[in-house]
Amino acid sequence: MKNILEQSVLASAALCAAILPAQAAGDTTVVLVHGAFADGSSWGKVIPLLQAKGVKVVAVQNPLSSLADDVSAARKAIDAQPGKVVLVGHSWGGAVITQAGDSDKIKALVYVAAFAPSEGETLGAVGKDYPVSPGVSTLKPDAAGYLALSEASYAANFAQDIPAASARAYAATQGLFPARAFDETIGYAAWKSKPNYYIVAGNDRMISPDLQRAFARKLKAVTTVLGSSHVPMLSQPQKVADVILAAVQR
């Protein structure tokens, strides 16, 4: 009888261990925030990988008109979810999730080759101690003060490790980005009170990999380094999805 009881207890424990991650995933929505020079389609390779694990996913379409407007769009997506949220930001989206991640719903923040500023900082200032990246050096504001990457720079500096035809297609989806947004001040740093994950893009030509490593250290983040361009979610989507899933199941 004792052996049967012990076997029953062990079986129950094994069943609970198998069920708990699924329950954690079922209660959690992943909210994806894209960066500048991109739109929600930049998450298109990661989304089905998360959905295949039973995770609900929402990709925010940032207006890319100002930090305040993008933060508002992210907060609307967060507020619409019934349970916990893992908030993920790429590039400029890191600044957005830093400010938008103040909700009690936020379970963790995931930064993907992203800015992770502190209160009182602007993105124009956070990289002042690092050389201007090859991609950023190609950005020239138009007469109205908006920025865009040329098709050539997109392929060479933004997404150099995906097929050239795909890079051209993604370049065509980019929206104009206001240069003044780099001078907007961060008013709240959600990473100070949330668990953090950071994916460093080791071959990034938009945000210095050394700056990304500095962000990861500052955040005391669980850090993954990938040998990728600025868009690891397009070139190494499974590895990006694995980091997000770890945050979902924590």
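**Group meeting: a parallel sheet and its helices**

Six of the six residues of E7 are buried, so the strand is largely enclosed by the rest of the structure. Keep in mind that this is a predicted model.

Which residues of E7 are buried on each side? On one face they are Asn-196, Tyr-198 and Val-200, and on the other Tyr-197, Ile-199 and Ala-201, so that both faces of the strand are covered.

Now the partners of E7. Four bridges pair E4 with E7 in the parallel sense. Within E7, Tyr-197 is the residue opposite Val-110. E7 also pairs with E8, again in the parallel sense, over five bridges. There, Ala-201 has Leu-226 of E8 as its bridge partner.

Stepping back to the whole sheet: it is open, has six strands in the order E2-E1-E3-E4-E7-E8, and its pairing is parallel. Strand E2, residues 56-60, and strand E8, residues 222-226, are the edges, each pairing on one side only. On average, neighbouring strands of this sheet are turned by 15° against each other, ignoring direction.

Further along that order, strand E1, residues 28-33, runs parallel to strand E3, residues 84-90, and six bridges join the two.

Helix H4, residues 92-100, does, touching E1, E3 and strand E4, residues 106-112. The direction of H4 makes about 145° with that of E3.

How many of the residues of H4 are buried? Nine of nine, so the helix is mostly covered. Among them are Trp-92, Gly-93, Gly-94 and Ala-95. The cover over these buried residues includes E1, E3 and E4, along with helix H3 (67-79), helix H5 (123-126) and strand E6 (177-178).

The axes of H3 and H4 come within 9 Å and cross at roughly 65°, and the crossing is right-handed. From H3, the contact uses Leu-67, Asp-70, Val-71, Ala-74, Arg-75 and Ile-78; from H4, it uses Trp-92, Ala-95, Val-96, Gln-99 and Ala-100. By class, that contact has eight nonpolar, one polar and two charged residues.

The other helix pair I want to show is H6, residues 151-158, with H7, residues 164-173. Their axes come within 9 Å and cross at roughly 120°. That angle makes H6 oblique to H7. H6 passes H7 in a right-handed crossing. The residues in contact are Glu-151, Tyr-154 and Ala-155 on H6, and Ala-167, Arg-168, Tyr-170 and Ala-171 on H7. Sorted by class, this contact of H6 with H7 has five nonpolar, no polar and two charged residues.

Why does Ser-153 count as buried? Because its relative accessibility is 4%, and the cut-off for buried is under 20%. Which residues is Ser-153 in contact with, leaving aside its neighbours within four places in sequence? They are Gly-135, Thr-138 and Phe-158.

To recap: E7 is largely enclosed, H4 packs on the sheet, and H3 crosses H4 in a right-handed manner. That is what I have.

Definitions and conventions. Residues are numbered from 1 along each chain as its sequence is written. This is a predicted model: local features need pLDDT of at least 70, side-chain atom pairs count only at pLDDT 80 or more; totals for chains, interfaces and linings use all residues. Side-chain values use heavy atoms; hydrogens and water are left out. Two strands pair if DSSP finds at least two bridges between them. Axes are lines fitted to C-alpha atoms, for helices over the stretch in contact, and angles run from 0 to 180 degrees between N-to-C directions. Contact means heavy atoms within 4.5 Å. Buried means under 20% relative accessible area, exposed over 50%, partly exposed in between (1.4 Å probe, protein chains only). Angles under 35 degrees count as roughly parallel, over 145 as roughly antiparallel, 65 to 115 as roughly perpendicular and the rest as oblique. A crossing is left-handed if the near helix is turned anticlockwise from the far one by less than a right angle, and right-handed if clockwise. Ala, Val, Leu, Ile, Met, Phe, Trp, Tyr, Cys and Pro count as nonpolar, Asp, Glu, Lys and Arg as charged, and the others, Gly among them, as polar.
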